[in-house]
Amino acid sequence: MPTLEQRLGLLEDRRAILRTLHDYGHCLDYGDEAGFLDCWTPDAVLGWSILPQPLRGHAQIRAGFHQHTHAPQAWHKHLLAEPQIELDGDVAQVRSMFFRLDPYPEAGGPEIYAFGRYVDRLVRCADGRWRFTERRVEKEAFHGDA
């Protein structure tokens with residue numbers, strides 16, 4: 001049976017991984033470029049379903065960030081649900097569901113723009129922060145009017 005210290009370490013790792021998962025959405029939605037880039041290792045890969053090829057490395061991920069909309073020009077919320085975190089030392093595999101809320105004034109309020117699944121790989125970096133080495137966005141459905 002793991003020691004109390006080992007169990008506490010696992011809880012702290014899970015919490016830190018969740019922080020990175022949540023920072024992704026907060027930083028993307030509100031235009032925090034520095035915070036968004038801090039979620040990624042320098043050689044990370046981001047596979048957004050709207051792009052034909054994955055973004056590789058900070059320069060391409062930064063360019064993708066600038067192509068995305070942010071508040072206050074566009075209001076939306078990237079929300080995360082049901083993360084499943086598998087830890088193996090300094091590496092984590094995470095699968096979670098997502099949905100994005102967008103305003104639809106003609107519909108009387110916000111609606112789900114898209115939903116799907118994130119498939120992630122994170123590593124614990126030298127500074128102790130957990131960062132993405134890979135995120136694959138599997139968009140399963142989206143609002144056709146968007």
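## Basis

Residues are numbered from 1 along each chain as its sequence is written, and side-chain values use heavy atoms, with hydrogens and water left out. Because the model is predicted, local features need pLDDT of at least 70 and side-chain atom pairs count only at pLDDT 80 or more, while totals for chains, interfaces and linings use all residues.

Helices (H or I, at least four residues) and strands (E, at least two) are DSSP runs, numbered from the N terminus. Buried means under 20% relative accessible area, exposed over 50%, and partly exposed in between (1.4 Å probe, protein chains only). Contact means heavy atoms within 4.5 Å.

## Nonpolar core

The largest nonpolar core has 25 residues. Such a core is a set of buried Ala, Val, Leu, Ile, Met, Phe, Trp, Tyr and Cys residues joined through side-chain atoms within 4.5 Å. Ile-17, Tyr-24, Phe-36, Trp-40, Trp-48 and Ile-61 have the most contacts inside it. Two or more residues each come from helix H1 (4–30), helix H2 (33–37), S1, H3, strand S4 (91–104), S5 and strand S6 (130–142). H1 gives the largest share, 6 residues.

## Aromatic pairs

The structure holds 10 aromatic pairs. Rings of Phe, Tyr and Trp (its six-membered ring) pair if their centres lie within 6.5 Å; planes under 30 degrees apart count as stacked, over 60 as edge-to-face and the rest as tilted. Tyr-24 and Trp-40 form an edge-to-face pair, because their ring centres are 6.2 Å apart and their planes stand at 65 degrees. Tyr-24 lies in helix H1 and Trp-40 in strand S1, so this pair ties together parts 16 residues apart in sequence. Tyr-24 is buried at 2% relative accessible area. Trp-40 is buried too, at 1%.

Trp-40 also pairs with Phe-132: the centres are 4.7 Å apart and the planes are at 35 degrees, so this pair is tilted. Phe-132 sits in strand S6, so the pair with Trp-40 of strand S1 ties together parts 92 residues apart in sequence. Phe-132 has a relative accessible area of 0% and is buried. Ring pairs join Tyr-24, Phe-36, Trp-40, Phe-65, Phe-98, Tyr-118 and Phe-132 into a cluster. Beyond neighbours within four places in sequence, Trp-40 is in contact with several residues, including Tyr-24, Ile-61, Phe-132 and Arg-135.

## Helix H3

In H3, Gly-57, Ile-61, Gly-64 and Phe-65 are buried. Seen down the axis, the buried residues of H3 fall within an arc of 105 degrees, so they line one face of the helix. The arc is that of the directions from the helix axis to the C-beta atoms. An α-helix has 3.6 residues a turn, so residues three or four places apart point the same way.

The buried residues of H3 pack against H1, H2, S1 and strand S2 (55–56). On the other side of H3, Ala-59 and Gln-67 are exposed.

## Buried polar residues

Thr-41 is in strand S1 (residues 40–47). At 7% relative accessibility, Thr-41 is buried. Its side chain makes a polar contact of 3.0 Å with that of Asp-43. A polar contact is a pair of N or O atoms within 3.5 Å; within protein, one must be able to donate a hydrogen and the other to accept it, and residues adjacent in sequence count only if both atoms are side-chain atoms. Thr-41 and Thr-133 are 92 residues apart in sequence, yet 5.7 Å apart in space, C-alpha to C-alpha.

Asp-120 belongs to strand S5 (residues 109–124) and is buried at 2% relative accessibility. A polar contact of 2.7 Å joins its side chain to that of Arg-135. His-76 lies in the loop between helix H3 (57–67) and strand S3 (77–88). His-76 is buried at 3% relative accessibility. Its side chain makes polar contacts with the side chains of Asp-29, at 3.0 Å, and Thr-69, at 2.6 Å.

## Cysteines

A search of the whole structure finds 0 disulfides (pairs of cysteine sulfur atoms within 2.5 Å). For Cys-39, the nearest cysteine sulfur is that of Cys-27, 5.3 Å away. Cys-39 is buried, with a relative accessible area of 0%. The sulfur of Cys-125 is 11 Å from its closest cysteine sulfur, in Cys-39, too far for a bond.
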